[in-house]
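Here are some exercises to work through with the structure open beside you. Try each task before you read its solution, and take the steps one at a time.

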Amino acid sequence: MAITLNTSTQADPPVLPEHPLRSTSRKLWSDWGTRTALIAVALLILTALTAPLLARLGGWSPTAFDSRAIDPYLGGMPRGSLGGISAEHWLGVEPATGRDLFARVVHGAQVSLLIAFAATAIVVVAGTAAGIAAGYFGGRVDTVLSRLMDLTMSFPSLIFMIAMMSVAQDVNRVLLMTVVIGVFGWPGIARIVRGEALSLRHREYVDAARVAGSGSWRILTREILPNISGPIIAYTTLLIPGMISTEAALSFLGVGVRPPTSSWGQMIAEAVTYYETDPMYFLIPSAFLFIAVLAFTVLGDALRDILDPQGGRS
Amino acid sequence: MSRQTRALSTALSASLALALLGACTTQEGGSDPDRREQPGVATGTIIGGLPKKGGTLTVLSNQDFGHLDPARNWVMPTMDFGTRLLYRTLTTFKAAPGDQGSGIVPDLATDLGKPSKGGRVWTFKLKPGLKYEDGSPIRAQDIKYNVERSFAPDLVGGPDYAQRYLADTDGYTGPLQGKHLDSIQTPDERTIIFSLRRPVAEFSYTVTLPTFSPVPQSQEKGVQYDLRPFSSGPYKIKSYARGKKLILVRNPHWAKTTDPVREAYPDQIVVQMGLKGGQIDDRIIASEGADASSVEWSDMQPSSIAKVLPRPEVKRRLVAERTGCTDMLALNTSRPPFSNLKLRQAMQYAVDKSAQVTASGGPALNDIATRYLPPALTGEGRSNSAYGRSTTSHADKAKKLLAEGGKPNGFSTTITVSTGDKTRAEALQQSLSQVGVRLKIQTVDPSVYYDTIGDTKHAPDMAINGWCPDYPSGSTFLPFVFDGRTIKEKGNQGNVSQFRDKAVEKRMDEIAAMSDAASADRAWNDLDIVIQSKSPAVPLLWKRKPLLVGDNIAGAFGHGAWTGQFDFAVIGLKDPSKSKG
Amino acid sequence: MIAYLVRRCLGVAGVLLAICAVTFIIFYLLPADPAAAACGKTCSPQRLAEVRHYMGLDQPLWRQFGDYLVGIFAGRDLGSGPHALHCGFPCLGYSYDNALPVWDLLMDRLPVSASLAFGAACMWLVLGLGAGVTAALKKGGLLDRTLMVTAVATASLPVYFTAVMLIYGLVRISGLLPYPTYTPLTSDPLGWATNLLLPWLALALLYAAMYARQSRSSMIEAMAQPYIRTARAKGMPARTVVVKHGLRSAMMPVLTLFGMDLGALLAGAVITESIFGIPGVGRLFYDALQRSDQPVVLGVTLLAAFFIVMANVLIDLLYAVIDPRVRT
C-alpha cells in the first residue's frame, strides 16, 4: 500500500512548483491504500469528536446497565446470538452488565484518540524544541540535551509507565496517561530534528539571516523550523499508532483510565477471557484498535515517503 | 490474577470462616421465583466418590501462596493447604462437606482442651508417638515456640489471636532474641497450658489456626522458614520454586493411626503456579492427560460459566460452596451525608442487590445478603432483616427516607473500590441514580485499596467491605466490623463505616463475657438486628466459591471452614494410574 | 580504545544511578504502605511501628537510598539477631513478599525471559529479514506488495490479540500444542520448545512485521548506493552484490534496532508473559507491583535498564570497531 508510493512519487517530478499542502494531499489521494487509510482516519476522528452524539443516536449511554439484555443465570452472558447484536444494541452488549457496546466503543475511541493525540503533541513539541536547540546551538547545550536523550532512551519505558501509572492514584487519569506516555517518547523525534537542524545551521540563507542581525529566536522560527517541518509532520503521523498502542497496552494491563470510562485497551482486557463464549465482545474493540493503528501507520508511511523521501530511517 | 490474592490476603482472608448450622445447605431468597437449580453439585455432595491411594494430584493456580510459614499463614485457602497437608494443629476441622465440616476434632491433642479458671486457662495434652518428617518427636515446646514466633515483627501476616488472647504479652517481640513467654507453660513434652487475659469460651476453635502447629527451634530460619516449613503433616516439601511450582511428597514419618482427619490419598501433590485463570478453566473442562487429575486453586472465571452450566457432564465437576463471608457496602458514618441516619437507611432500599448479584457472576454463584451475620452464624429463620428480604431496590421507600433526611432530591457521594470490583461499583452507581443519588467512583489498585479506605481522614463516603467470621459465633464478626473502639486513624480496617455507638459497644462487651455459647449466639443475632436499624452498612452478597475439578478427581468438596476451598485432607484420584507420575 | 571504554562504563554507571534514583522516588510517593500490607488486617499501631522499623521504612528517603546503593556493593543485613539475613554482593535487597533476595529472584526468572526473548528473536529475524530482503529485491512487484501489506497489518495487531488467537487456533481448536507451562531447557529440551512455541510465535509475529518493514527500506537504500551500482556495472554476480555489499550495509540499522529490542525483552515481556502465564521477569514485575513489593520492582527496573544500556554499549562498540572515528 503505502510503500508503493515510493515508486509512484519518484516517477513524476513536479513540473511546476505547487503549493506543498496541495501537492501532498494530491499525492496522498492518488493511492487507493492511502486513500482508504485517510478515510478511515477521518471517520475515526469524527467518531471520537461526536461520540456522545453517536451514542445518543444508538439510544444508550455508555454507562447504562441493561439487565434485560443479559442472562444472569449464565454468568451474565448476553441474550441472543453474536453477543446480543440487535436493533436495540447495534454491536451487542457487555456481559454481566448489559452495557451497550456501541456506546462504549465509540466513547472508547474518544479516550484512546485523545490520549494518543495529546501525547503525540507533547512528544512533538518537546522533541522538536530539544532537537532544534541541540542542533542549532551545539556545544554545551547539545551535550546536555544529547545526554538527556540517551538517558531517557535507556529507561525501560513500558515498565516505567506501568509503575508511574500505578503510583499516582488521585490525579486525572487521562492527563496522567498523556504525560507519562509523552515523557518517554520525545528523544526519538528530537534526534531526527537535531540531525536536520545540524545540517541547516550553516546553510547560506541561515548565515545570511544571522549576518542581517536576526536573533536566534527569529532564525529558529523563521528559517530553521519551516525547513524541517516536512519530516516533523511525517514522523508525527508515524508516532500516533505507537501512542494508540501504548495507551491500549497500559489500559490492557489495568493501569489505564478509570471506570466507568471506557478505552479500547481496557475493553479488550475485560473481554479477553470471553474470546470463546462471547467472541464479538472481544473482536469489536480489537477491530477498532486494529483499524486505528493500521490506518495511521499507512498514512504516516505515505507522508514520510512524500515529505522526507531521503530521510534517515532510524 | 494476583489482584485477587491481595484482596484475599488483606480482607476477607484474614479470617477463618466457619459453616456452623444447617443454614448453609438451605437456599435463601424465596422471593425469586425464577430461581433455577443449584449451581454445580449440591452442598454436601462429594465429587467422584471415594479416592484410591496413589498417583499425582495437580493443583493449577494463578498465583503463589502468600505464606506457608505456619506463624504467618492467614490467607484463607492457604490455611487449608498448610494445615491439611504440611502441619498439624492442636485441633482441626472435620473432613466433611456441608455443615458437618464445621465441627472440630482433636488433631495433635488428645481432646479439645480442658478449660479451667472459668475459661482463662486451657490445657492440651499431645498424643504419644507424633513425629516430624525427619522422625524426631513433636514436643509441646515446639508448639509454644511457634506461637511465640507469631509475635516477631519479622514474621508478620499471621493470625493475631495469640497477641489478642494470651496474658502478659505486652512488649514481647518473639523468640528470635531468646526471650520466651510465661503465659504458655510446657511442664513436660506432651503438655501445653495457655493462660489467657480473659475467658475465651471457644479457644478449642482458636487452636485450629496454623499458629498452633509445631515448629522446632532447631529448624528456625527466620523469614526464610516460609520457603520450607518443616513438616508434621502427611506431606513434605520436595521442591518449592516460588511463583512457579511446589512439589509435595509423602512424609514417611506421619502415621495415619494418630490422625483422625487426613487420608493423604495421592502419593504426590504438584502445584503449578502463575497460570492464566481462563486457561486453567479450559484445561480442567477439557480434562485431557494430566489435567484430568487436576483441581483448580483459584476461582473459576465468570466468563467460563457459560462453558460449564449448560453442560451437565462439566457441571457435575463444579463445586460452588458458600464462602461464609458477608459482602457489605460500608457507609462512612463519621461525616455527612451518611452521618444522617435517615440517609443511611434510605440506602438499604436504594441499592439494587440483584444487580450486585449479576455483576458478581449471577445467582449461580451468589446469594443476596439480608443481614450482616452470614448464614453459617445464624440459625435458619432466627435472625431477620430489618429491611425485608427484597432483592431489588424500592425507590419509593428510599425516596421517602431521603425526604425525611432532608435530601428529597438526592445528593452527591463517593465510593472507592478496588479495580476488581469496578463492575459492582458501576451497578451501584446505576441503582443509586434512580433515587437521585449521584455516585462518583474512584477505583484504586488492590494493593493500596485497604490503605486508601483505611485512612479515616480521607476515607470515601462508601466502600465495599467484606468480612469472614473467625469463629462459629458473632464474636468474630460484629465486634470487628461495628465496634467504634477499634477505629484507627490510619490503616483502619474492619469498621470501615467508622460506626461509633455506645449502646452497641456496651452490649458487645456484655455478650463477650457470656459463658454460655448458645445464649451468646442468640444475643449476637439480636444485636445484628439492632445494628441493622442503625444502618452503618448495607449487606450485599453471600458469595460462593466456584471451583472445577478434572474428571479423574475423587473425594472433592468445598469445605466451609476455608471459604469453600477443597478439603485437601481427603481429596484424591479415581484412578491413580491415569495421572502422570 | 581503553579511554573510550572507561568513558562508556562511567556513562553506564551514571545512567543506572539516575534510573535507580527516579524509581526510588516514584515508589517513595506510593500511597501503599508495605509495612501495613505485610502486617496484615488487624495490625496494632505499635506492631506496625515495629514492622516498619524492621523493614527500614522509618528511615528518611535519602538514608534508605544511600543504604540501598551501599548495599549493592557491600551487602546488607536484614533484621537482627541470630536469624538476620545477610545479603551479599550484588545485594538488591529482599522481597517484602517472600523474603528471597531480589538478586536470586531475578536470576531465577531471567532464564525464562531469556528463553522467551532469544527464541522469539530467532524466529523474527528469520521471518522478518527474509520477508524484508525478498520484498526489497522484488521492489514494486506483487510479492513485495503482499509482504508489506501483511507486515503492516500484522504490526498493527496488539500482541494480546495475536496471543489469544494463537491459543484459540493452535490449542483450543486443533489441539496441536499444549497450554504453555514453562519447562526449563535443562530438564526437558523438547518440552521447553513446545511449551514456548506459542509465546514465541506471538512475539515473533509482531517483531517480524516491524523488522520486515525496517530491513526492506534499509535494503532498498543500500542497493541504491553508488558503490553497488559500480559493482553491478563491473559485472559482479547479482548474488555476490546482494549478499556481500547490500546486506552488509543494510544490516547496520537493523542491528541497532535488534540490540535495543532484545535488551528490552530480556528483562521481561510484561504483556506476553502475563497472557501466557509464563513465570518470567515481566510477570515477576507485574506481580510485585500489585503487592507493592518495592525491592523487586526496583530490581526489575534496574535489570531492564542495565540490559538496554548494555545493548547500546555493545552496538556502539561494534560501530567503534568498524569505524575508528567514533572513538574520539
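**Exercise 1. Which residues of chain C does the UniProt annotation "transmembrane region" cover, and how much helix is there in the span 190-210?**

Solution. Start with the record: the unreviewed UniProt entry gives "transmembrane region" for residues 9-30, 116-137, 149-170, 190-210, 254-276 and 296-322 of chain C. Next, turn to the model, which is a predicted one. Residues 190-210 of chain C are 100% helix and 0% strand, with end C-alpha atoms 29 Å apart. For residues 254-276 of chain C the figures are 87% helix and 0% strand, and the end C-alpha atoms lie 28 Å apart. Finally, the unreviewed UniProt entry also places "domain: ABC transmembrane type-1" at residues 110-319 of chain C. That span is 82% helix and 0% strand, and its end C-alpha atoms are 28 Å apart.

**Exercise 2. Where does the kink in H8(C) lie, and how far apart are the end C-alpha atoms of this helix?**

Solution. Helix H8 of chain C runs over residues 189-223 and has 35 residues. At 1.5 Å a residue, a straight helix would reach 51 Å, but the end C-alpha atoms of H8(C) are only 41 Å apart. Now look along the helix for a bend: there is a kink of about 45 degrees at Leu197(C), shortly before the proline Pro199(C). As a last step, check the surroundings. Of the 35 residues of H8(C), 26 are buried, so the helix is largely enclosed by the rest of the structure.

**Exercise 3. Where does UniProt place the feature "transmembrane region" in chain A?**

Solution. The unreviewed UniProt entry lists residues 36-55, 111-136, 148-168, 174-193, 232-257 and 280-303 of chain A. Take two of these spans and compare them with the model. Residues 111-136 of chain A are 100% helix and 0% strand, with 37 Å between the end C-alpha atoms. Residues 174-193 of chain A are 90% helix and 0% strand, with 28 Å between the end C-alpha atoms.

**Exercise 4. What is the order of the 4 strands in the open sheet of chain B with antiparallel pairing, and which strands stand at its edges?**

Solution. Reading across the sheet, the order is E4-E5-E7-E6 in chain B. The edges are E4 (114-116) and E6 (184-185) of chain B, each with a single partner strand, so one side of each has no neighbour in the sheet. Follow E6(B) to its partner: 2 bridges join it to the antiparallel strand E7 (residues 191-195) of chain B. Within this pair, Gln185(B) has Ile193(B) as its bridge partner.

**Exercise 5. In what order do the 5 strands of the open sheet with mixed pairing run?**

Solution. The order in chain B is E8-E9-E10-E1-E11. E8 and E11 (294-296) of chain B are the edge strands, each pairing on one side only. Neighbouring strands of this sheet are turned by 20 degrees against each other on average, direction ignored.

Now go pair by pair:

- Strands E8 (residues 235-241) and E9 (residues 245-250) of chain B run antiparallel and are joined by 6 bridges; Lys236(B) has Val249(B) as its bridge partner.
- E8(B) and E9(B) form a hairpin with 3 residues between them, and Gly243(B) in the turn has a positive phi of about 80 degrees.
- E9(B) pairs with E10 (residues 268-272) of chain B over 5 bridges in the antiparallel sense. Here Leu248(B) is opposite Ile269(B), and Leu246(B) is opposite Val271(B).

**Exercise 6. Is Thr378(B) buried or exposed?**

Solution. First locate the residue: Thr378(B) is in the loop between strand E14 (366-368) and helix H11 (395-404) of chain B. Then apply the cut-off, by which a residue is buried if 20 or more other C-beta atoms lie within 10 Å of its own. Thr378(B) has 22 C-beta neighbours inside 10 Å, so it counts as buried. Lastly, the C-alpha atoms of Thr378(B) and Trp524(B) are separated by 9.0 Å, although these residues are 146 apart along the chain.

Technical notes. Residues are numbered from 1 along each chain as its sequence is written. Chains are lettered from A and ligands numbered from 1 in the order in which they are written. This is a predicted model: local features need pLDDT of at least 70, side-chain atom pairs count only at pLDDT 80 or more; totals for chains, interfaces and linings use all residues. The expected span of a helix is 1.5 Å times one less than its number of residues. The bend at a residue is the angle between axes fitted to the seven residues ending there and the seven starting there. A residue is buried if 20 or more other C-beta atoms lie within 10 Å of its own, exposed if 12 or fewer, and partly exposed in between; C-beta atoms are placed from the backbone. UniProt positions are given in the numbering used here, feature names are shortened, and annotations may be inferred rather than shown by experiment. Two strands pair if DSSP finds at least two bridges between them. Axes are lines fitted to C-alpha atoms, for helices over the stretch in contact, and angles run from 0 to 180 degrees between N-to-C directions.
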